[in-house]
Amino acid sequence: MYSIKEAFYSLQGEGAHAGRPALFCRFTGCNLWSGLEKTRSQSDCQFCDTDFIGTDGQNGGKFKTASQLRSHIDALWPSGHGYKYVVFTGGEPALQLDTSLIKEMKDHGYMIAIETNGTLALPDGIDWICVSPKTPKKLVITKGDELKLVYPQEQLDPEQFETLDFDNFYLQPMDQGHLSVDQIPLINTQEATLHYCLSHPRWRLSLQTHKMLNID
Ligand SMILES: C[S@@+](CC[C@H](N)C(=O)[O-])C[C@H]1O[C@@H](n2cnc3c(N)ncnc32)[C@H](O)[C@@H]1O
Ligand SMILES: Nc1nc2[nH]cc(C(=O)O)c2c(=O)[nH]1
Ligand code: SF4
Ligand SMILES: [Mg+2]
């Protein structure tokens, strides 16, 4: 059984594939936060910009089999066109993404990407692994295609990730829109990220372009 908060067709807004048309499949639930505002400030991840509770979003629902979920989301891809690209996200997609769903998507022509916090093992067959670390102690995925660190995070120095086996290193300014007043860093996160990249050229800037465009 797969639990899906929402599924939608949009442009990848972030990171190395920014601007690419993509089908987003957002799984319900996360292992670093309950998703309830009352527990945000005690959670392992406190700045999350996403509602991942339940199945009540657009095209959300519960799906008994990989084939049923694939058929449901594949219907959102523009008919007759290839270049199929699915981004599994959440919540934490590694809690639910499995080899049967990967095979099902592959058999229907998809390249498969994941957005993960990197704290859980991943099934084989994912074509593009983007890890966004939150709690370094719990990080188990230490190689992949893209490491996309939200910046700044207290006690999380980008340099500690530079030795990991990733092909691309991105810093993404923290969107402070969901933080409570006492949590907000006293800096402009875009400016801080820009300056960090300029002084540490291992890192590139990732902006959340879908938010600027006002799209999903
Ligand atoms: C909502 S998460 C879901 C996937 C997975 N749980 C993760 O954390 O990577 C998707 C992406 O949004 C990023 N993100 C979440 N909250 C953010 C915020 N307030 N500002 C900037 N990026 C954020 C995450 O770091 C991650 O790269
Ligand atoms: N357009 C768009 N791009 C995204 N890239 C990663 C997202 C996510 O929430 O995982 C996301 C999202 O929610 N929307
Ligand atoms: S790990 Fe990802 S989904 Fe979970 S709370 Fe953090 S940003 Fe949100
Ligand atoms: Mg998002």
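Ala, Val, Leu, Ile, Met, Phe, Trp, Tyr, Cys and Pro are counted here as nonpolar, Asp, Glu, Lys and Arg as charged, and the others, Gly among them, as polar. The structure is a predicted model, in which local features need pLDDT of at least 70, side-chain atom pairs count only at pLDDT 80 or more, and totals for chains, interfaces and linings use all residues. Residues are numbered from 1 along each chain as its sequence is written, while chains are lettered from A and ligands numbered from 1 in the order in which they are written.

Helices (H or I, at least four residues) and strands (E, at least two) are DSSP runs, numbered from the N terminus. Two strands are taken to pair if DSSP finds at least two bridges between them. Nine strands form an open sheet with mixed pairing. Their order is β3-β1-β2-β4-β5-β6-β7-β8-β9. The edges are β3 (61–63) and β9 (204–205), each of which pairs on one side only. Helix α3 (residues 189–199) packs on this sheet and touches β7, β8 (165–173) and β9. Contact between two residues requires C-beta atoms, placed from the backbone, within 7 Å. The direction of α3 makes about 145° with that of β8. Axes are lines fitted to C-alpha atoms, for helices over the stretch in contact, and angles run from 0 to 180 degrees between N-to-C directions.

Strands of a sheet pair through backbone hydrogen bonds, either parallel or antiparallel. Strand β1 (residues 2–11) runs antiparallel to β3, with three bridges between them. Here Y2 has F63 of β3 as its bridge partner. β1 is also antiparallel to β2, through seven bridges. In that pairing, I4 stands opposite F27 in β2. By contrast, β5 and strand β6 (residues 128–131) pair in the parallel sense over four bridges. E115 is bridged to C130 in β6.

Helix α1 (residues 66–74) and helix α2 (residues 99–107) have axes that come within 9 Å and cross at roughly 45°. α1 is therefore oblique to α2. Angles under 35 degrees count as roughly parallel, over 145 as roughly antiparallel, 65 to 115 as roughly perpendicular and the rest as oblique. On the α1 side, A66, S67, L69 and R70 make the contact, meeting S100, L101, E104 and M105 in α2. The residues of this contact divide into four nonpolar, two polar and two charged.

Two ligand shells were examined. A residue is near a molecule or strand if its C-beta atom, placed from the backbone, lies within 6 Å of it. Around ligand 1 there are 18 residues, of which D49, T50, N117, S132 and D175 come nearest. β5 (111–116) and β7 (143–151) each supply at least two residues of this shell. By class, the ligand 1 shell has five nonpolar, eight polar and five charged residues.

Some backbone features lie in loops. G90 and G91 are joined by a cis peptide bond, with omega about 15°. G91 lies in the loop between β4 (85–89) and α2. Another cis peptide bond joins Y151 and P152, with omega about -5°. P152 is placed in the loop between β7 and β8. N59, a residue other than glycine, has a positive phi near 55°. The loop between β2 (21–27) and β3 holds N59.
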